[in-house]
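Let us go through the terms used for this model. Each one is set against its definition.

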2 protein chains.
Amino acid sequence: MTTREACQARDANDPLAHLRARFVLPDGEIYLDGNSLGPLGVNVAARMARAVENEWGRGLIRSWNAAGWYEASRRVGGRIAALIGAERDEVIVADSTSVNLFKLLVAALRLNPARHKVLVATDDFPTDRYVAAGVAAMTGAAFATFDPGEPEIAIDRDTAAVVLTQVNYKSGRLYDMKRIAGAAQAKGALTLFDLSHSAGAMKVELNRCGADFAVGCTYKYLNGGPGAPAYLFAAARHHAAMRNPIEGWFGHAEPFAFSEGFVPANGIVRMLSGTPPMLSLLALEEALSAFDGVDLGALRDKSLALTELFVALADERLAPLGFTLASPRDGASRGAQASLAHEHGYAIMQALIARGITGDFRAPDLVRFGLVPMTVRFVDVFDTIVALADIVKARAWDKPEFTTRKVVT
Amino acid sequence: MTTREACQARDANDPLAHLRARFVLPDGEIYLDGNSLGPLGVNVAARMARAVENEWGRGLIRSWNAAGWYEASRRVGGRIAALIGAERDEVIVADSTSVNLFKLLVAALRLNPARHKVLVATDDFPTDRYVAAGVAAMTGAAFATFDPGEPEIAIDRDTAAVVLTQVNYKSGRLYDMKRIAGAAQAKGALTLFDLSHSAGAMKVELNRCGADFAVGCTYKYLNGGPGAPAYLFAAARHHAAMRNPIEGWFGHAEPFAFSEGFVPANGIVRMLSGTPPMLSLLALEEALSAFDGVDLGALRDKSLALTELFVALADERLAPLGFTLASPRDGASRGAQASLAHEHGYAIMQALIARGITGDFRAPDLVRFGLVPMTVRFVDVFDTIVALADIVKARAWDKPEFTTRKVVT
C-alpha cells in the first residue's frame, strides 16, 4: 500500500521539485488543470506591467521597433522550437490553434494537389475535426477519420494530409508520431500534428519524426495565459512552396513597403497574417522562461512517475468504487494526464473542486487530471485519490450544487 | 494668420478637452499616431494587473466562468456595436482584422454562389487587397480593384462582394458607405467594409447604410493596445445562412458538448473560431470605457475642426516649402487624419519625431498625422506645423540618422 508519507518522501527527493516555485499557485489548492490553463509564472505580472505601462504607455508606436514587438512572433516561435524538436526558423507564434490548423491544412492540400482526402484521428479534439471538415467542405476534398493506432490501414495514395493530436485530449493516449509520419510518407501524404497536449510535458521531436506541419496551443503546458496565441511549425523543406491562404501584411516580404501585390516573406514568416495580440504574446514569452534549464527528459520521467502513481492508486482505491481507468496503462502510450470514467463524473468533479482540488470534466463521463510535472507533487496525486474515494463512499457528490450542469471549460 | 494663442483659446473652450485625461500621455510629447497605436487608457494597467494576478493567477480555469472570460468576445463586441451603428448581437471580437476579413469574404462568396468577382478599392490598405486576392485565388473567383468614388461604374451583376476601407489609410479620404452599399445592393452584390480608420473617430452607421459585413481594428482609434483583437460585424439578416470557413469550437452551438460534428452557434457567435487572446481582449474592454458618455457627433465636430486647422495652416506655412496636401480639402470627405506629401518625407518625419512630435511615414513620400479628437489639442496642430516648417527651412532633416531607412510601423 502506497502511503501519504511515501509520497511526501518522493517529493522531498524530486530533482524537479524546485520548478514549482516558478509559478504562483493559490494556497491550499491542488491544481490539476494545468492541461486546460497553465498557472501564472512568477514574473509574468511584472512583465505585463512593464509591457503596458512602459512599452505601450510611454513607448507608444516606437515600441514596435524599440521594444522588439515586431520580432516577437519569430522570437517566441524560436523558443518554442527548442521544446518541440524543430529549428528556430521553423516555428512562429500567431493566431489561435484553430486558425493555424486551417492555414496549414489548406497549405498542405495545395502542396498535394492531385489528392483530395483529409484524414483526422477518430475522437481527436473537436476543433481539429471541425476545422478539417470545414476545409474539406470548402476545397471539395473528402473528409474521413482514421484510427491513429493503425495508420498504415487508413493512409493511402488518395490521402493528401493526415491530422492528429499527438496526445488525445480525453484519454491522454500518446500516439506514435514517427510511425504515423512514416506511414504517411510511404504513401506521399503530408502530416499535420497538433501538439497542444504534449509540448511542454515531454520532449517532442518533430524533425526526428519527419513531421511536415504542426500546430499547438500555448495556454496549457506552456502556461502562456488564457487564450495565449498559438504556434505553428512547418518543416524547412516546405517553406519555399507553401502558401498561406490568409495572406496578410505580417506575412509579406516587406510589410511596410505597402506594395501592390502580395509577396510572401521568406520562410515561416509567410504564415503570419494580421498583427499579433502583443500583450498576450509577451505574457507567453515571459511564461516560457519557466522552461529555462529544464531537461525535458527529466520532466517526462517525473510525468511518467506521477501518472504511474495515479494509475496504481486508482486501481487500489477507486476501481472498487465504480471508476474505470480511461487512460493507457502502458506509460509509453500515456501523456501527462490521467482520466477516469464514472457514471457520476460530472458531479464528482464539482464536489472535488469544492474541496479545493481542481481537475476538469469531459463529456460524457470523464474526470480528467493534468498531472503537469512542472508543478504537481506526488502528494497531490495521493490526496486527490483519497478525496475521490471519500466523495464516492460518502455520496458527497449527490447535491444539487454539484449535479446541476453549467458551462465548463 | 492663425496664432498659437488663438489655438490655446480654442483648447480652453473645447467641450471635449477633458477626454484627454482619460489617457496616459508622455510628458512633452505631441502624439499624432493614435491612428496607428492608440494611447494607454488610465485604468488599463490596473485592469491588466487584476486580470493577470487575480483572474488568471488566483482564479485559474474558473475565471472562464467566474470572471466572464467566456462571454468576453460577445460582451466587448456589443460595446463596439454602439460605436459603429450596429445591434449588440451583430458584432463580435476575435482574431485579427486580416483573419476576420478572410472569414467574412469567404462567407460572402458562399452566400452569393452564382457570382465570382471580388472588388476591392484601388489603393485600399494592402492587407485588405492581399487577403481578398488570396481568397479569390483560393476559391477561383476573379479579383479586381475599383474606384470607390464611382462605385456604380465597377459594381455589376457578376460582382459577388465589394471590399472597402471607409477611410483610406494614406489619404484619410472618407468614402460614402451608403452610396457604395446602395450601388452594391442594386446589383445584388454584398458589401464588406473595413472600419479600421473610421470607427472611434466618428459616428459610423453600418445598419443605416445597409452594410452587409464589416471588420475593424481595435488598436487605432479604439485604443485597445498593440495587436488587440479585431471585431467583425454581420447584419442580422445574414446570420442564419452565413458559414464560417474556419469552424472552430468557439463558434460551435455547444463547445463543451465536444460533439462529433460542427453545429454552428446561433447568430454572430458562429464566426468565432479558436480561443480568443484574453489578456489582449480585456485590455481592449477597459480601453473602450474612454468612450463612456462621449457624443460621437461632437467628437466628429472636433475632428473636423482639427483637420480644418491643419489644412489651413499647411496651406499658409507649408505649401511654400514643397509640401502638398494629400488629404481631401472637403471636410465631409475627410477622416480624422491629415497627410502631406514631400519628397523628403521620410527624413522629415524622423526629424520631427526627434523633436518629440510623433506622426508616421507612409511610402513613398507621405507624412501622416492622426488628429485623434479624443486626445489631440488645437495647439498640438499649430506646434506641428511650425516644427515642420522649421525642419524644412533649416534643412534639419538632412542628417544620416534621419535619412537612413529603418522598419517603421
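Q: What makes domain 1 and domain 2 of chain A domains, and where do they run?
A: Their bounds come from an automatic or database domain assignment. For chain A it gives domain 1 as 4–42 + 295–403 and domain 2 as 71–276.
This is a predicted model: local features need pLDDT of at least 70, side-chain atom pairs count only at pLDDT 80 or more, and totals for chains, interfaces and linings use all residues. Residues are numbered from 1 along each chain as its sequence is written, while chains are lettered from A and ligands numbered from 1 in the order in which they are written.

Q: How far apart do the C-alpha centres of domain 1 and domain 2 of chain A lie?
A: They lie 30 Å apart.

Q: How many residues of each domain of chain A take part in the contact?
A: Two residues are in contact if their C-beta atoms, placed from the backbone, lie within 7 Å. Domain 1 of chain A gives 26 residues and domain 2 of chain A gives 18.

Q: Which element gives the most to the side of domain 1 of chain A that touches domain 2 of chain A?
A: α11(A), with five residues. Helices (H or I, at least four residues) and strands (E, at least two) are DSSP runs, numbered from the N terminus.

Q: How many residues of chain A are in contact with chain B?
A: 69 residues of chain A contact 69 residues of chain B. On the chain A side, α2(A) supplies the largest share, nine residues.

Q: How does that side of chain A divide by class?
A: It has 42 nonpolar, 19 polar and eight charged residues. Ala, Val, Leu, Ile, Met, Phe, Trp, Tyr, Cys and Pro count as nonpolar, Asp, Glu, Lys and Arg as charged, and the others, Gly among them, as polar.
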